[in-house]
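Please work through the exercises below with the sequence and the model side by side, trying each task before reading its solution.

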Amino acid sequence: MPGLIVCDIELWAMSIFSLRASLFATTVNTRIGRGVVSLGPERRSERDVRFFHATILVLIGLTVSAAHARDPRARAPIVAKSNEQFVSRGLNHPKSDIDIGQVEGIVDAPAGHVIQLLRDYGSYRHFLPFFVGSRVLRKEPDGAVVRMKAEILKGAVTIDAVVRAREKSVAYGGTRFELHKVKGNIERLDAVWSVYPIDGDRALVVFRLMLDPDIWFVRDSTLTNYNQVNARRTIRSIRKRTKKIPYRPPEPPPVPVEKVPPVPALPAAAEPAAP
């Protein structure tokens, strides 16, 4: 992908260079007259080359800046300096008047530890604030089908839904867990965790929560606030869970027999000296 971007930049810059060169040549040919001295082909060529190089550098700089801005890990220093080491906000949903609750939080545990907790779908009821039940119905190669029960709005509404959980690798060394409703008594249930390793054996967790129970007597603004509040509570719960459940580092894969180095031969025993 970076190679394609650079190629596109070079083609764009060469197009600009060609257009500028043709315009410059036209201007020189039409404006040379009395009292005006032509720059000459060599000076025009040097000037155009400098313009071309400057254009390439500017475009590459803009591309690198944009790529850096898209890297979630770049926000880790900002999140670390914020109150409680997390930043929350609401995001518009394209198909609902209820906003998504998003939280970026620092967890003082290795990313592998957080991934192990999120991979254990059956234990969600033990640490997610609004879940009262979670049972794996079927395991799949990249996740599971899970029945989830939750109580929201201080227990006034009970959610009973079947969700499909998926785990996948994402850019910048991250791991993402996505939970989406398959069926149940709720209009929409989406929960997405993105876990990124950062310095100091810590993890940056970006969590997005969208609950839309489609209840006529509850205002959309109330549910929007509910999503944001529970997204923050989820980050706090993950932090507590990492301190309660010990981390089990993954075991290294076994070394194939053909790659095991041979045992070096022992030196021959020396003959005892004659008395």
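Two exercises follow, each with a worked solution.

This is a predicted model, in which local features need pLDDT of at least 70 and side-chain atom pairs count only at pLDDT 80 or more, while totals for chains, interfaces and linings use all residues. Residues are numbered from 1 along each chain as its sequence is written, and side-chain values use heavy atoms, with hydrogens and water left out.

**Exercise 1.** Find the strand that holds Ala 150, and decide whether Ala 150 is buried or exposed.

*Solution.* Begin with the strand: Ala 150 belongs to β4, which covers residues 143-152 (strands are DSSP runs of E with at least two residues, helices runs of H or I with at least four, numbered from the N terminus). Next, take the relative accessibility, which is 3%, so Ala 150 counts as buried (buried is under 20% relative accessible area, exposed over 50%, partly exposed in between, with a 1.4 Å probe and protein chains only). Finally, look for neighbours: leaving aside residues up to four places away in sequence, Ala 150 touches Phe 130, Phe 131, Val 132, Val 157, Thr 158 and Ile 159, where contact means heavy atoms within 4.5 Å.

**Exercise 2.** Locate Ser 237, and explain why Ser 237 counts as buried.

*Solution.* First, Ser 237 has its place in helix α6, residues 220-244. Second, Ser 237 counts as buried because its relative accessibility is 15%. Third, once residues up to four places away in sequence are set aside, Ser 237 touches Phe 127 and Pro 129.
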